[in-house]
Amino acid sequence: MTAVRSDAMGWGFVAPALLWTLAFFVLPFAVMGAMSLATLDGRELVWGLSLSNYAELAERAYLRRAVIVSLEITLTVTALSVLLAYPLAWIIAFRVPPRWQRLALLLAILPFWTSYVVRSYAWLLVLAREGWVNEALLMLGLIAEPVTLANTRLATVTGFVHFFVMLLTLTIYANLVQLSPNYRRAAMDLGASAFQTFRHVILPLTLPGIVTGAFLTFVLCIGDYVTPQILGGNTELTVPQVIMVQLGRRADFPLASALAIVLMGLVTLAYLAGARWLRVDRL
Amino acid sequence: MSSRLLLCLGTTALAGLAGAAAAQEELNALVWCDHTDDALIAPFEEAHGVTVNLREYEGTGAALALLEQSRPGDWDVLVIDGIDVFRAVEAGLLAELPADALPTGDFFPEVVMAENNIVDGKTYAVTEKFGYNTISYNAAKVDPADMSDLSAVWSEKYAGRLSIYDYYLPVMGLAAIAGGIPTAEIGTDDLSAIGETLATMRSRAASVAGVVAAQTALATGEVDIVVGGGEWLTAVLAEEQPDLTWTIPEQGAVRWAQSIGVLEGSEKPDLALEFVKYIVSPEGQARLATSSCFWGMPANAKAGDILTDAQKAVLRWDDQPDYLSRTQLYPAPDTDLDIEMQDLWLDTLQQ
């Protein structure tokens, strides 16, 4: 009797979370999955089990290219963000005095306080031919005439990296400050150099923080529409941009859904690749 | 039951009834951004004692999807691309308008567009605003003489200095005009030639930009030319940057037009019709033409009596007969050709 009551109480506690997940994830995902198997007959939506939307991915070069572009940008952004965020998190965790660490973290995430769209347009102005970067390079005599920086992949990657370095700094910092200084001391006592200590002790122990931040970066970056749209200048299209085209003009919800499923597939692959180290409790 | 409680219940009931009455005096319109200017909407609201709820959208596909997912009566008025009226009519979304209530006799004849707004003898929409997708440029940075020849605009001379407006129909229309193909006659067989021109254009372009991005690019000097631009792009910048201007090349350019109609199933068809009549009246037209979002020519020529000389100068009022004679309505493909054109556009962007 007690066990039955305990089970009922358990379900009672879990029910809100289950219902929330069902209503806001499972159900929409199921609808999207079903929509991806439907087709359009003119403007009429025909429900069915057709794989034609997925076949179009193989047939249409611009769709394949969008997947490649999305992956290239996302992997570049993730790698660059990790490379920049790790030293920053390290400095905040081990070089900044404890009483200043909160302030340092606050400063690191300050750009988060600005609207995402405003920040992207700000980058557009900074990278413009008459923007600060070109002006600085001209003043230093490094270039003879302004170079094109805005409306390029470089601009998209810059905007993304600026955003995600902040995110990764937080996850890696959270991991670093949990490390006992005894690990480093023990490694040094055993004769390890500073590099060997980092390579064989610190890095493996901070891998969960890195992978968790990198996974979040991957998820947010590959599904982002705003940054490539504003900074990339449509010089190449990512999957979210192609999805918007399908919805905006054609109202082709089946093909847009198939593309969204493909995005989810890529995210799932990224999750599986990092699952071993993923630690959500590091967030 | 105390008298105080009765008073409370009575007041609540009256408030509820008043609320219901107020709710009946709301008009819901699905519009382009130029209709969200308070200077345009407030006079109608005051004159009729109603509230106009406006929702902006981008892309006819998005609007049609929204309407098809809404209940009949949710929306009363629709602003739609002139070439897409037939799509809304085919979907049974637009109600018939009383043609004799519309002042189309006062319109510039070229933009009445009966072939678009009238289906099977029934009027479903009326043109409200038009303009041109042509060449916008910075006169201080490029040779204005070059801008009168489309092939010079996207020549090697201006490589990296031009942006392409991010809408395939007008840009492909310009590409067709450059190749001597009338926009109304574009067919599948023409796409190869249009694609070649697009590829050339794309190879010389620094970006493919939407309205805000194109304006930003011109204003900041990122580019000096916008292919597909026009008065709607530069008019709002004219005061601060008079060098930003536009022209219609010798080969011609593309003309855009937007229409307005009443939605089938509207629960306030009379009020919706009054709104349409207001928008196409000279006063409404003058306000719509100079909307803060983007300027464009009013369809009703009598708006010229309301607009100031300065506003007409920016709109190039006196040049309209010449412009109208040298421009073509932008392509209005059927569903299959439309998909082919979009695929070609996306392929070009991804090159």
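Author: What follows takes the labels one by one and sets values against cut-offs.

This is a predicted model, so local features need pLDDT of at least 70 and side-chain atom pairs pLDDT 80 or more, while totals for chains, interfaces and linings use all residues. Residues are numbered from 1 along each chain as its sequence is written, chains are lettered from A and ligands numbered from 1 in the order in which they are written, and side-chain values use heavy atoms, with hydrogens and water left out.

Reader: Why are the rings of A:Tyr116 and A:Phe163 called tilted?

Author: Rings of Phe, Tyr and Trp (its six-membered ring) pair if their centres lie within 6.5 Å; planes under 30 degrees apart are stacked, over 60 edge-to-face, and the rest tilted. Over all chains, this rule gives 21 aromatic pairs. The centres of A:Tyr116 and A:Phe163 are 5.2 Å apart and their planes stand at 40°, so the pair is tilted. The pair links distant parts of the chain, 47 residues apart. A:Tyr116 is in helix α5 (residues 116-127) of chain A and A:Phe163 in helix α7 (residues 153-176) of chain A. Helices (H or I, at least four residues) and strands (E, at least two) are DSSP runs, numbered from the N terminus.

Reader: What makes A:Phe163 buried? And why is A:Tyr116 called partly exposed?

Author: Buried means under 20% relative accessible area, exposed over 50%, and partly exposed in between (1.4 Å probe, protein chains only). A:Phe163 has 15%, so it is buried. A:Tyr116 has 22%, so it counts as partly exposed.

Reader: What makes the pair of B:Tyr167 and B:Tyr330 edge-to-face?

Author: Their ring centres are 6.1 Å apart and their planes stand at 85°, so the pair is edge-to-face. B:Tyr167 lies in the loop between β7 (162-165) and α7 (168-178) of chain B, and B:Tyr330 in the loop between β13 (327-329) and α15 (335-349) of chain B, so the pair ties together parts that are 163 residues apart in sequence. Both B:Tyr167 and B:Tyr330 are buried.

Reader: How do you know that B:Arg316 sits over the ring of B:Trp246?

Author: A charge sits over a ring if NZ of Lys or CZ of Arg is within 6 Å of the ring centre and within 35 degrees of the ring normal. The charged end of B:Arg316 is 4.1 Å from the ring centre of B:Trp246. In chain A, A:Arg184 lies over the face of A:Phe94, 4.6 Å from the ring centre.

Reader: Which residues form one aromatic cluster with B:Trp246?

Author: The cluster holds B:Phe108, B:Phe130, B:Tyr132, B:Trp246, B:Trp317 and B:Tyr323. B:Phe130 is in strand β6 (residues 126-138) of chain B.

Reader: Why is B:Phe130 called buried, and what does it touch?

Author: B:Phe130 has a relative accessible area of 0%, so it is buried. Contact means heavy atoms within 4.5 Å. Leaving aside neighbours within four places in sequence, B:Phe130 is in contact with residues including B:Phe108, B:Glu231, B:Arg255, B:Trp256 and B:Leu324.

Reader: What makes helix α3 of chain B largely enclosed?

Author: Seven of the 10 residues of helix α3 (residues 60-69) of chain B are buried, so the helix is largely enclosed by the rest of the structure. Among the buried residues are B:Thr60, B:Gly61 and B:Leu67. Their cover includes α11 (239-250) and α12 (253-274) of chain A, together with β1 (26-31), β2 (51-56), β3 (77-81) and α4 (85-90) of chain B.

Reader: Why is B:Asp120 called exposed, but A:Asn151 buried?

Author: B:Asp120 has 76% relative accessibility, so it counts as exposed. B:Asp120 is in the loop between β4 (118-119) and β5 (122-123) of chain B. A:Asn151 has a relative accessible area of 8%, so it is buried. Its place is in the loop between α6 (132-139) and α7 of chain A.

Reader: What is the phi of each?

Author: Phi is near 60° for A:Asn151 and near 50° for B:Asp120. Most residues other than glycine have a negative phi.

Reader: Why is A:Leu45 called partly exposed?

Author: A:Leu45 has a relative accessible area of 33%, so it is partly exposed. A:Leu45 is in strand β2 (residues 44-46) of chain A. A:Leu45 touches residues including A:Met35 and A:Pro254. The C-alpha atoms of A:Leu45 and A:Pro254 are separated by 8.3 Å, though the residues are 209 apart along the chain.
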